[in-house]
Amino acid sequence: MNVIEALNWRYAAKQMNGKKVPQEKLDNILEAIRLSASSIGLQPYTILNIENPKLREKLQVAANNQPQITQSSNLLVFAAWTEVTEEKVDKYMSDIAVTRGIKVNDLAGFKQMAMGVANMPGDHSVWTAKQAYIALGTALIAAAEQEVDATPMEGFNGEMIDEILGLKAQGLKSVVLLPLGYRDEEKDMLSKAKKVRRSRKELVLDLV
């Protein structure tokens, strides 16, 4: 499928059938997330790939008992950094230097720009959560291309999720959940319904 066909195919499955996503497909989705766009390339989030059934049962309670949490093959948790620190910026500078074969000192100007993020007043997780959502968009498209259902979820108790997964101690905060799996067409009454979206004329303002 091309990208438009894949996006027409995709559907936020309300019921999943428990079928496992092949490892190759899962790896492709995770690699797409890794390659996703991110402001200054910092990627200020961590992706938790959860398969453990007992752990997902606990998370389901914190997610208002949404069935996809346990019916899915894999549950991805997008967890944003709660703070952007100079240490994290330095790690990123080091990664750039190693990957591109340059000296860290050559990145002084870029580091100064990146530190503008680290020195932002207020809650850093507001900005880092936005970056996680960019990665979420990439994940949805990649999953559709792999013909894997992906259902983005915000309806959960973030504090409970964070406690269950021990995220606070890691400087992380859960932002959005993404069960991956396959739609149950018998139990999911909307799985074959036509997609409803605003028309291009309504959605796009062409300024020429």
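Start by selecting helix α8, residues 158-165: its buried residues are Ile161, Asp162 and Leu165. Look down the axis and you will see that these three cover an arc of only 95°, which puts them on the same side of α8. Keep in mind as you go that this is a predicted model.

Now turn to the other side of α8. Which residues are exposed there? Select Glu159 and Glu163, and you have them.

Next, bring up the neighbours.

At its start, select Asn157, where a side-chain oxygen comes within 3.1 Å of the backbone nitrogen of Glu159. Just after the helix, pick Gly166, which adopts a positive phi of about 65°.

### On to the salt bridges

How many salt bridges does the structure hold? There are 8, and this tour visits some of them. As background, side chains of opposite charge can pair when their charged atoms come close.

**Glu51 and Lys20.** Select this pair and you will find a salt bridge whose closest N and O atoms are 3.2 Å apart. Glu51 sits in the loop between β1 and α3, while Lys20 sits in the loop between α1 (3-9) and α2 (23-34), so the pair ties together parts that are 31 residues apart in sequence. Glu51 is partly exposed, at a relative accessible area of 36%; Lys20 is partly exposed too, at 44%.

**Glu31 and Arg34.** Move to helix α2, which holds both of these residues, 3 residues apart, or about one turn of the helix. An α-helix has 3.6 residues a turn, so residues three or four places apart point the same way. Glu31 and Arg34 form a salt bridge, with 2.7 Å between the closest N and O atoms. Glu31 counts as partly exposed, with 33% relative accessibility.

**Glu86 and Lys111.** For the last stop, select these two: their salt bridge has its closest N and O atoms 3.0 Å apart. Glu86 belongs to helix α5 (residues 86-100) and Lys111 to helix α6 (residues 108-118), so the pair ties together parts that are 25 residues apart in sequence. Glu86 is partly exposed at 42% relative accessibility, and Lys111 is partly exposed with a relative accessible area of 22%.

How values were computed: Residues are numbered from 1 along each chain as its sequence is written. This is a predicted model: local features need pLDDT of at least 70, side-chain atom pairs count only at pLDDT 80 or more; totals for chains, interfaces and linings use all residues. Side-chain values use heavy atoms; hydrogens and water are left out. Buried means under 20% relative accessible area, exposed over 50%, partly exposed in between (1.4 Å probe, protein chains only). Helices (H or I, at least four residues) and strands (E, at least two) are DSSP runs, numbered from the N terminus. The arc is that of the directions from the helix axis to the C-beta atoms. A polar contact is a pair of N or O atoms within 3.5 Å; within protein, one must be able to donate a hydrogen and the other to accept it, and residues adjacent in sequence count only if both atoms are side-chain atoms. A salt bridge is a side-chain nitrogen of Lys or Arg within 4 Å of a carboxyl oxygen of Asp or Glu.
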